[in-house]
Amino acid sequence: MLRIISKTIKEEIELTDVIINFFQNLFHNDILTIITIGIIPIIELRGAIPVAFGLGMEWYEALLYCWLGSSIMCPILLLLLKPVLNFMKKWKIFRSLAEAVESMFTDKAEKVSKKAESIADAKKAERRKMLGVYAFVALPLPLTGVWTGSAVAVFLGLPFFKSLIMVLLGNLTAGIIMTALSVFLKEYIDIILTVFLVIVLLVLIFYIVTLVMKMRKAKKNGNTSDSIENADEDSGAVVLSDRMESEENADIAIAEENNVKDDVGGDSGESDDDGK
């Protein structure tokens, strides 16, 4: 067991070195490398700060550049997440994925807003939601960063600028926590980074499995709704056909009744002529 754990840690360290070397060779600039790593989902600022310390940056440089890099996606997600998901749902090939992503972030938003639901005052409830978004992002763990926090703010229905401020402040708080840990545990920075990447890998696997399950559920629900719609269309067609048939029968009955009246009228006319 210890050998497996040791082997996994060594592989993670090698993977970390590969990622860092890739961006360094791509940009030939440590600042751009750190900013780019900070943008990557799940890793974000939490993983970028230990990397910055590993590259020899000062604590304030690491905090500033990692915070800037990880914060870039916040306004983009706040503005474009829902329009992109709505666009994807129009295409059958992307519909189940969009519905799965929407369901996942809706669930997270509901967890954040639970305490706010019991507050009658709308302004106080909104403030509670804002604090919930801040606390969610400020916790320096994978899947609680800018990407997820921005999505949660969107599905909570918070205004753009309020969401932006809460996510950026939460991200700054998480950055300060990670910077403090990296300063006090500088000698163990490689171990911190490796443990973080192991957690990221496990969370990523869990995230993918959850997303696949939600996609299957969304696809199943979509097929069920399609079947119901088809059944409704068929029943509607049957009802329309029956109605048309009954109308035709009514027209035939009226025509026959008129013919009978005409025949009776014709016979009585002839009787009158004979009497005369």
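Buried means under 20% relative accessible area. The legends below describe close-up views of a predicted model.

View 1. T33 has its place in helix 2. Its relative accessibility is 0%, so T33 counts as buried. A polar atom of the T33 side chain lies 2.8 Å from the backbone oxygen of N29. Leaving aside residues up to four places away in sequence, T33 touches I20, F23, Q24 and F27.

**View 2. Positive phi at H28, in the loop between helix 1 and helix 2.** Most residues other than glycine have a negative phi. H28 is not a glycine, yet its phi is positive, near 55°. The residue is found in the loop that lies between helix 1 (2-27) and helix 2 (30-39). With a relative accessible area of 68%, H28 is exposed.

**View 3. Positive phi at I42, in the loop between helix 2 and helix 3.** I42 is a residue other than glycine with a positive phi, near 75°. The loop that holds I42 runs between helix 2 and helix 3 (44-54). I42 has a relative accessible area of 12% and is therefore buried.

**View 4. Helix 3, a mostly covered helix.** Ten of the eleven residues of helix 3 are buried. These buried residues are E44, L45, R46, G47, A48, I49, P50, V51, A52 and F53. G56 follows helix 3 and has a positive phi, near 90°.

View 5. T179 is placed in helix 9. At 5% relative accessibility, T179 counts as buried. When residues up to four places away in sequence are not counted, T179 touches I49, F53, W59 and L63. Two of these contacts, I49 and F53, are also listed among the buried residues of helix 3.

**View 6. Packing of helix 5 against helix 9.** Helix 5 (residues 73-89) and helix 9 (residues 160-184) pack at an angle of about 145°, and their axes are 10 Å apart. Their crossing is right-handed. Helix 5 contributes C74, P75, L78 and L79 to the contact, and helix 9 contributes F160, S163, L164, V167 and L168. By class, eight residues of this contact are nonpolar, one is polar and none is charged.

**View 7. Packing of helix 5 against helix 6.** Helix 5 and helix 6 (residues 92-112) pack at an angle of about 145°, with axes 7 Å apart. The crossing of helix 5 and helix 6 is left-handed. On the helix 5 side the residues are L85, N86, M88 and K89. They meet F94, R95, L97, A98, E99, V101 and E102 of helix 6. Sorted by class, the contact of helix 5 with helix 6 has six nonpolar residues, one polar residue and four charged residues.

View 8. A disulfide is a covalent bond between the sulfur atoms of two cysteines. With a cut-off of 2.5 Å between cysteine sulfur atoms, the count of disulfides in the model is zero. C66 has a relative accessible area of 0% and is buried. C74 also counts as buried, at 0% relative accessibility.

Note on methods. Residues are numbered from 1 along each chain as its sequence is written. This is a predicted model: local features need pLDDT of at least 70, side-chain atom pairs count only at pLDDT 80 or more; totals for chains, interfaces and linings use all residues. Side-chain values use heavy atoms; hydrogens and water are left out. Axes are lines fitted to C-alpha atoms, for helices over the stretch in contact, and angles run from 0 to 180 degrees between N-to-C directions. Helices (H or I, at least four residues) and strands (E, at least two) are DSSP runs, numbered from the N terminus. A crossing is left-handed if the near helix is turned anticlockwise from the far one by less than a right angle, and right-handed if clockwise. Contact means heavy atoms within 4.5 Å. Ala, Val, Leu, Ile, Met, Phe, Trp, Tyr, Cys and Pro count as nonpolar, Asp, Glu, Lys and Arg as charged, and the others, Gly among them, as polar. Buried means under 20% relative accessible area, exposed over 50%, partly exposed in between (1.4 Å probe, protein chains only). A polar contact is a pair of N or O atoms within 3.5 Å; within protein, one must be able to donate a hydrogen and the other to accept it, and residues adjacent in sequence count only if both atoms are side-chain atoms.
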